[in-house]
Amino acid sequence: MKVVHVKPFEDPEVVDIMPDKNGSFLSELQRLVGGLLEYIDVFFQGGLTVIVNDEFLLNGSIPNRPFYATKYMHDAGYLDQLTYSHVVEEGELFFIVFGDFVIASYDEDGCLRDMTPEEIQTACNFAKPKEFSLQAVLELQAINSRKVVWF
């Protein structure tokens with residue numbers, strides 16, 4: 001199955017992953033992102049998902065890419081991820097991915113599938129390396145300065 005693998009400071013790369021003996025891609029996806037999986041479906045209207053390491057803020061992963069809100073996200077009413085106080089505006093910093101991540105395709109039943117050439121192009125354009133804006137750096141510092149309390 002073709003997916004787009006994105007490492008920090010590198011261009012997106014199309015990789016072909018193989019299922020395990022049970023037909024699952026879980027172990028290959030975990031290998032690519034370096035741990036537990038979290039799917040983030042807010043950046044695309046359907047068919048594509050960003051898969052990140054669920055514990056990236058806890059495991060020492062380095063910043064990879066800032067992701068900015070899209071018109072679709074604004075129109076759908078997604079809240080900003082730092083304060084949850086307002087609907088995001090197109091172009092506003094929404095999320096910073098740490099560590100490796102994958103962009104993959106899924107079908108109408110939610111099952112992962114091979115990416116089409118058009119989806120690969122969309123994913124590669126979305127994940128092109130971007131410079132961190134001053135606002136992104138300040139927000140990243142705010143995220144890093146928060147203390148995590150475990151109960």
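**Exercise 1.** How many salt bridges does a search of the whole structure find?

*Solution.* Before counting, know your model: it is predicted, so local features need pLDDT of at least 70 and side-chain atom pairs count only at pLDDT 80 or more, while totals for chains, interfaces and linings use all residues. Residues are numbered from 1 along each chain as its sequence is written, and side-chain values use heavy atoms, with hydrogens and water left out.

Step 1: A salt bridge is a side-chain nitrogen of Lys or Arg within 4 Å of a carboxyl oxygen of Asp or Glu.

Step 2: go through the structure. The search turns up 3 salt bridges. Glu28 pairs with Arg31 at 2.9 Å, N to O, Asp75 with Lys71 at 2.7 Å, and Glu119 with Arg113 at 2.6 Å.

**Exercise 2.** Find out how Glu28 and Arg31 are placed in helix α1.

*Solution.* Step 1: look at helix α1, residues 26-33 (a helix is a DSSP run of H or I, at least four residues, numbered from the N terminus).

Step 1: Glu28 and Arg31 sit 3 residues apart there, so about one helical turn separates them.

**Exercise 3.** Is Thr49 buried or exposed?

*Solution.* Step 1: recall the cut-offs: buried is under 20% relative accessible area, exposed over 50%, and partly exposed in between (1.4 Å probe, protein chains only).

Step 1: Thr49 has 1% relative accessibility, so it counts as buried.

Step 2: Glu119 is buried at 13%, Arg113 is partly exposed at 26%, and Arg31 is exposed at 52%.

Definitions and conventions
Helices (H or I, at least four residues) and strands (E, at least two) are DSSP runs, numbered from the N terminus.
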